[in-house]
Amino acid sequence: MLDRLRFVPARLLQSVPVVFGVTVVVFFMVHLLPGNPALTILGQTATPDRVAALNTQLGLDKPLVDQYFIFLGRLFRGSLGDSLTYQRPVLELVLQAIPITLSLLVFALVLSLVISVPLAALAATAPGRGRDLAVRVFTLLGQGMPQFWVGIMLILLLGVKLRLFPVGGYGMTFGEHPYYLFLPALTLAIAMSPTTIRSLRASTINVLGSDYVGTARSKGAAGVSLFRGHVLRNAAIPTVSIIGVNLGYLVGGSLVIEKVFAIPGLGSLMINAIFTRDFPTIQAVALFVALFVIVVGILTDVVYTLIDPRVDLSSKERA
Amino acid sequence: MTTAVATAARAMRRPARSRSLRPWYRNGTLVAGLVIVGLLLLAAVLAPLLTPFDPIEQDLQNALQSPSGSHWLGTDKYGRDVLTRLLYGARVDLRIGFLAVLIPFVVGSVLGALAGYFGGWFDVVVMRIVDVFFAFPFYVLVIVLVFVLGAGESSIYLAIAAVSWVSYAKIMRGELLVAKKQDYVVAARLGGMSHGRVLIRHITPNVLSQALIYAMSDIVMDIMAIVTLGYLGLGIAPPTAEWGSMILDGQEFITTQFLQATIPGLAVVVTSLGLSLLGDGLSDLLSPERRK
Amino acid sequence: MSQGSSDVISSTGIAPADEPASTAELSRGGVPLLSVQDLSIGVRLPGGRTVSIVEGVSFDVDPGQRMGIVGESGSGKSLTLRAVAGLLPKPVEVLSGRVEYGGTDLLTMPAKRRRALMGPEIAMIFQEPMSALNPVMRVGDQIAEGPRRHLGLSAKEAGELAVSMMARTGIPDPVRRARAYPHELSGGLRQRIMIAMAVSCGPRLLLCDEPTTALDVTVQLQVLRLLERLCADTGTSLVFVTHDLAVVNQTCSELAVMYAGNIVESGRVKEVFRQPRHPYTRGLLESAPDFDRPDRELVPIPGFPPNVADRPSGCPFAPRCGYVRDHCRQSMPPLAEVAPGRQAACFESSRLTEVLA
């Protein structure tokens with residue numbers, strides 16, 4: 001079992017060039033700004049002194065390639081510069097925000113599974129019939145709604161009208177966090193569920209027609225015990241990679257959703273940074289989000305390997 | 001499963017076959033999609049004829065009215081007719097949504113096709129770049145790029161192009177990897193055709209459909225991005241009517257005038273529904289053998 | 001019948017004389033273990049029309065009896081078996097008829113009661129063990145599942161039972177193999193796992209759907225001997241579906257031949273082999289290689305079986321039959337007794353009296 005996870009170090013190593021590319025993209029973001037970046041960043045508050053100071057801080061007075069390696073060197077020492085707004089190390093701000101965004105994402109993932117698995121099962125056990133069509137309508141609508149709008153509608157319905165949940169914020173105590181995070185997590189879950197349902201529905205239909213489900217039935221298994229024991233794990237295999245890719249998309253969505261619900265995570269940090277032209281913060285958030293997506297990619301392969309004993313990624317070269 | 005079932009399946013197949021061979025206008029999904037998208041486009045184009053109001057001019061005395069005979073969907077906080085702004089918003093959102101697909105479609109498909117067909121170092125380089133871009137979630141890169149390039153329509157095109165070519169490249173590369181091993185391609189090459197001729201004459205028509213089907217969902221994604229940017233205040237600058245910024249404006253009055261934020265969102269839902277149906281219908285039409 | 005003998009081929013294939021009164025005769029008057037009556041299986045099309053794939057099939061299986069059902073691909077033999085097991089693939093369903101187990105109709109029984117029979121009373125072995133085993137579940141757990149459900153064993157007890165069942169089916173090193181996944185085992189071992197799984201709850205009726213087709217010939221023989229031994233030890237009845245006449249000869253006492261959804265001939269294996277009374281059976285025997293007479297000329301049956309969707313009006317075999325007369329094309333010959341314990345569905349059966357062996 002565990003020796004099938006030997007591929008992980010190799011996979012980490014393969015990610016190095018990608019991470020390298022990510023740092024290039026993050027670095028050059030600054031240099032896409034038209035004109036003198038320092039001047040643009042400072043805007044109306046620019047004075048020659050402040051421009052010069054920012055030029056030095058961002059290393060903008062050196063040749064581009066040098067600048068990149070200075071940036072990279074500082075990155076290796078764990079320094080992402082200081083936030084121009086808060087005058088504090090960006091890393092500190094980001095590390096404060098990460099647990100919040102992460103718990104939102106995990107919550108959303110759990111909720112989306114709670115929504116998707118039963119709906120996919122309902123649809124797959126009666127393809128073409130009424131409940132299958134109802135689930136299809138749900139997936140079409142779920143895909144068609146802008147995430148932030150879903151958030152606003154949930155606030156309107158469950159927050160303002162029914163007063164079941166707070167309309168924003170993160171809560172003060174640990175116990176309050178899940179309560180405050182429920183609506184934003186539900187919003188993301190609704191956005192994420194359609195693709196999961198579609199994939200799970202298709203694979204469940206396949207699995208239900210398979211011989212081994214026939215075998216299980218011939219042992220007297222039916223209903224929930226059949227589904228839990230034989231169908232779900234097999235049907236989940238192709239869905240895992242879909243969820244993996246989706247999580248990356250979800251991270252992007254969560255940034256916007258945090259803004260809607262005023263949750264002090266990475267998203268709020270980045271969007272506020274954009275409005276205050278706090279470039280080091282933008283770079284840091286972009287960098288961490290990209291790293292997160294790369295890690296999720298590797299985790300997806302790990303999960304994939306764990307639920308499907310036939311998969312052995314260490315034995316063959318990945319394309 | 002054994003052969004008797006295959007026999008049963010054969011007995012069942014006759015209606016199924018006629019289903020895939022039926023003319024396009026008998027494909028309900030496709031027609032529904034075409035009708036919805038067609039009506040939306042028509043409404044956008046004809047907006048000035050459909051409404052007597054101006055989408056931008058303020059009329060503060062009539063601000064925040066509830067729906068009435070003259071203002072079917074009420075007015076916003078500047079007294080502008082919501083229905084009018086919705087129709088004019090369609091012009092902006094649909095135009096950008098449809099146009100934004102073109103560059104990434106062409107660039108991504110060509111790069112992916114060449115990478116898949118020729119392989120080698122070119123493939124490696126393109127795919128590594130794809131991996132890098134794939135690491136950034138769609139919204140993160142689009143938001144940052146639009147900020148860096150400066151708000152405005154051309155920035156949105158560029159930002160979306162920079163992010164979404166990746167998907168086309170991946171799809172086309174995958175298609176080409178399969179297609180180039182097909183007998184008809186091998187035969188064409190052995191028959192002395194040049195790479196260019198093989199690619200254009202034999203492969204493109206067979207693989208383009210997948211990119212085209214994806215493009216429908218990509219338009220939806222792009223419209224979502226434009227609306228989201230508008231909602232964040234990073235998109236098309238006010239006072240131009242745009243669905244996202246309409247939602248942002250309406251959110252202020254969520255407790256008193258919930259329609260303000262609800263209606264433009266519904267417009268997005270209808271649009272994406274139409275495009276999704278269109279995509280599903282196209283997929284039925286263009287590659288029936290891939291769907292169950 | 002000298003079952004349990006190690007020399008399967010010679011005991012069942014050649015020595016015909018010392019057959020005791022068959023089990024069917026012994027239990028005459030009693031209730032058969034399985035009684036399939038006038039069973040039709042097919043597909044209901046939208047609009048009420050039905051396409052039947054199996055038409056009016058009837059047969060009985062007595063306790064301890066081993067029945068082989070032989071036919072070409074698409075003859076409906078597997079569907080018949082699956083109907084008994086309640087495992088018809090959608091959209092195929094039973095159109096009419098009865099499937100009685102111990103005197104009770106399985107088809108009208110509440111689903112829950114029927115499921116309770118699956119495992120401890122009726123078990124099934126599938127053709128392709130690779131696809132019939134759950135790929136993500138350890139084989140020991142798959143064997144243990146039935147005993148846990150039906151015999152009320154704890155996980156530990158069921159696990160031990162699984163290991164002992166694996167040992168009984170001749171799997172070496174069963175403790176370690178129980179922790180393996182299906183893809184880690186060879187085809188022969190996988191089929192032994194299937195057999196261990198099927199007999200784990202001590203069923204009285206074992207349904208086999210071409211259980212050896214996917215195996216090498218040498219492994220095939222081992223698996224057949226194992227099946228035969230297990231059934232003989234426990235008095236389990238067997239319904240064995242195959243396209244391979246030699247396999248029936250090695251395993252079964254009774255035989256039913258199916259063609260285009262009908263039983264066209266039935267009787268004791270030895271007698272049918274010696275003197276087939278339906279042209280199709282005869283054709284099958286003449287087109288199959290016989291290890292005992294390698295020099296015999298193989299005669300293929302010309303043509304193809306009819307499409308179930310548009311069967312000819314008369315005998316479905318008529319277009320391919322060497323004995324065909326005009327009336328064969330007019331009406332369908334019924335399955336009728338042609339000799340004691342022998343049935344055939346052929347108007348011209350009396351012309352087939354030649355002894356093959």
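Two residues count as being in contact when their C-beta atoms, placed from the backbone, lie within 7 Å. The model is a predicted one, so to speak of local features takes pLDDT of at least 70 and side-chain atom pairs count only at pLDDT 80 or more, while totals for chains, interfaces and linings use all residues. Residues are numbered from 1 along each chain as its sequence is written, with chains lettered from A and ligands numbered from 1 in the order in which they are written.

Chain C holds 14 helices and 12 strands (DSSP runs numbered from the N terminus: H or I of at least four residues for helices, E of at least two for strands). Of its 357 residues, 49% are buried, meaning that 20 or more other C-beta atoms lie within 10 Å of the residue's own, these atoms again being placed from the backbone.

An open sheet in chain C runs β2-β1-β4-β5, with antiparallel pairing; strands pair if DSSP finds at least two bridges between them. At the edges sit β2 (50-61) and β5 (104-105) of chain C, each pairing on one side only. Strand β4 (92-101) of chain C joins β5(C) over 2 bridges, and Tyr101(C) has Thr104(C) as its bridge partner.

Turning to the other chains, 39 residues of chain A touch 35 of chain B. On the chain A side, α10(A) gives the most, with 8 residues.

Methods: Buried ≥ 20, exposed ≤ 12 C-beta atoms within 10 Å, placed from the backbone.
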